[in-house]
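Please walk through this fold with the model open beside you.

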Amino acid sequence: MKFLLFPAVATCSLLSCFASPLMAGESTPGANELFQEFSTCQTSSFVNIASNRAAYEKLGAFKSIIENGIWFDTKLVEKDSSDEIYRFEKPIKINGVTVIAAGYSYFKGDGQGYSGGDATYWGLYFAETPKEIFAALRSSNPMVAAMRFMGDHYVNMKVLQRDGDKRFDQGAIIEADSTQEGAKSYFNCSIQYKIVQK
């Protein structure tokens, strides 16, 4: 009878080996909370992150930014670019997926045409694909859960909204991006002001 039991035990052991990476959901202390704040994609996130600076500085170095709060201590990657990058000394884990860098960009609009307004982008570079990021984070994050697959990326952008006499798009995208060493995707938030044609 013992010989019949062995295949079942071996099968269960084998299945548990395959399942363990998916079930792990490992997170660096403070990283899930930071991601929940960041992924609201509101510029008020910068102020809220600043108010919890002591907790989040364990993840990496921060600096003040124009939205009167803080974000990771990003640096210009090229002289003529507005893209800034901060690479983590040690990658951080958020629900089992790996963040290797943070990004930040501020574009001053030229005031011309529909999309000539100012825009702010900020985000995290992950070592996994957009599909893997979506699968890992959708159950614990409302912004991700509301995303729609758009051919090669996931998106949750709101329609034009009012801000005084301005209009803006606001939301998040998970897209393939290998511009940073070790990265496969970029989860970025953006607020893009629009010049509405009259």
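Contact here means heavy atoms within 4.5 Å. The model is predicted, so local features need pLDDT of at least 70 and side-chain atom pairs count only at pLDDT 80 or more, while totals for chains, interfaces and linings use all residues. Residues are numbered from 1 along each chain as its sequence is written, and side-chain values use heavy atoms, with hydrogens and water left out.

Start at Leu124. Setting aside neighbours within four places in sequence, Leu124 is in contact with Phe35, Phe38, Trp71, Phe72, Ile94, Val99, Ala101, Ala102, Ser185, Tyr186 and Phe187. Leu124 also belongs to the largest nonpolar core, which has 39 residues. A nonpolar core is a set of buried Ala, Val, Leu, Ile, Met, Phe, Trp, Tyr and Cys residues joined through side-chain atoms within 4.5 Å. Buried means under 20% relative accessible area, exposed means over 50%, and partly exposed is in between (1.4 Å probe, protein chains only). Which members of this core touch the most others? They are Phe35, Trp71, Phe72, Leu124, Phe126, Leu137 and Phe187. Another core, of six residues, lies apart from it; Ile85, Ile100, Ala101 and Ala183 are among its members.

Now take the whole chain. Of its 198 residues, 40% are buried. The chain has six helices and ten strands. These are DSSP runs, numbered from the N terminus: helices are H or I with at least four residues, strands are E with at least two. Take contacts between residues at least 6 apart in sequence: 53% of them join residues at least 24 apart.

Eight strands form an open sheet, with antiparallel pairing, in the order 3-4-5-6-10-9-8-7. Two strands pair if DSSP finds at least two bridges between them. Strand 3 (75-76) and strand 7 (148-149) are the edge strands, each pairing on one side only. Inside the order, strand 6 and strand 10 run antiparallel and are joined by eight bridges. One of the residues to look at is Phe126, whose bridge partner in strand 10 is Ser185. In a regular strand the side chains alternate between the two faces of the sheet.

Stay on strand 10 (residues 185-194), which holds Gln192. Is Gln192 buried or exposed? Gln192 is buried, at 19% relative accessible area. Its side chain makes a polar contact of 3.0 Å with that of Ser190. A polar contact is a pair of N or O atoms within 3.5 Å; within protein, one must be able to donate a hydrogen and the other to accept it, and residues adjacent in sequence count only if both atoms are side-chain atoms. Beyond four places in sequence, Gln192 touches Asp118, Ala119, Tyr121, Met157, Arg167, Phe168 and Asp169.

Strands 1 and 2 form a hairpin with three residues between them. They run antiparallel, joined by four bridges. Ile65 has Gly69 in strand 2 as its bridge partner. In the turn, Asn68 has a positive phi of about 65 degrees.

Turn to helix 3 (residues 44-51), where Ser45, Phe46 and Ile49 are buried. Seen down the helix axis, the buried residues fall within an arc of 100 degrees, so they line one face. That arc is taken from the directions from the axis to the C-beta atoms. Their cover includes helix 2 (31-38), helix 4 (53-56) and strands 1, 2, 5 and 6.

Then the charges. Side chains of opposite charge can pair when their charged atoms come close. The structure holds four salt bridges. Each is a side-chain nitrogen of Lys or Arg within 4 Å of a carboxyl oxygen of Asp or Glu. Glu84 and Lys63 meet in one, at 2.9 Å from N to O. This pair links distant parts of the chain: Glu84 sits in strand 4 (residues 83-94) and Lys63 in strand 1, 21 residues apart. Glu84 is buried at 17%, whereas Lys63 is partly exposed at 22%. Glu57 pairs with Arg53 at 2.7 Å. Glu57 is partly exposed at 39%, and Arg53 is partly exposed at 31%. Lys75 pairs with Asp73 at 3.4 Å.

Finish in the loops. Most residues other than glycine have a negative phi. Cys41 has a positive phi, near 60 degrees. It lies between helix 2 and helix 3, and is buried at 0% relative accessibility. Asn95 also has a positive phi, near 50 degrees. Asn95 lies in the loop between strand 4 and strand 5, and is partly exposed at 22%.
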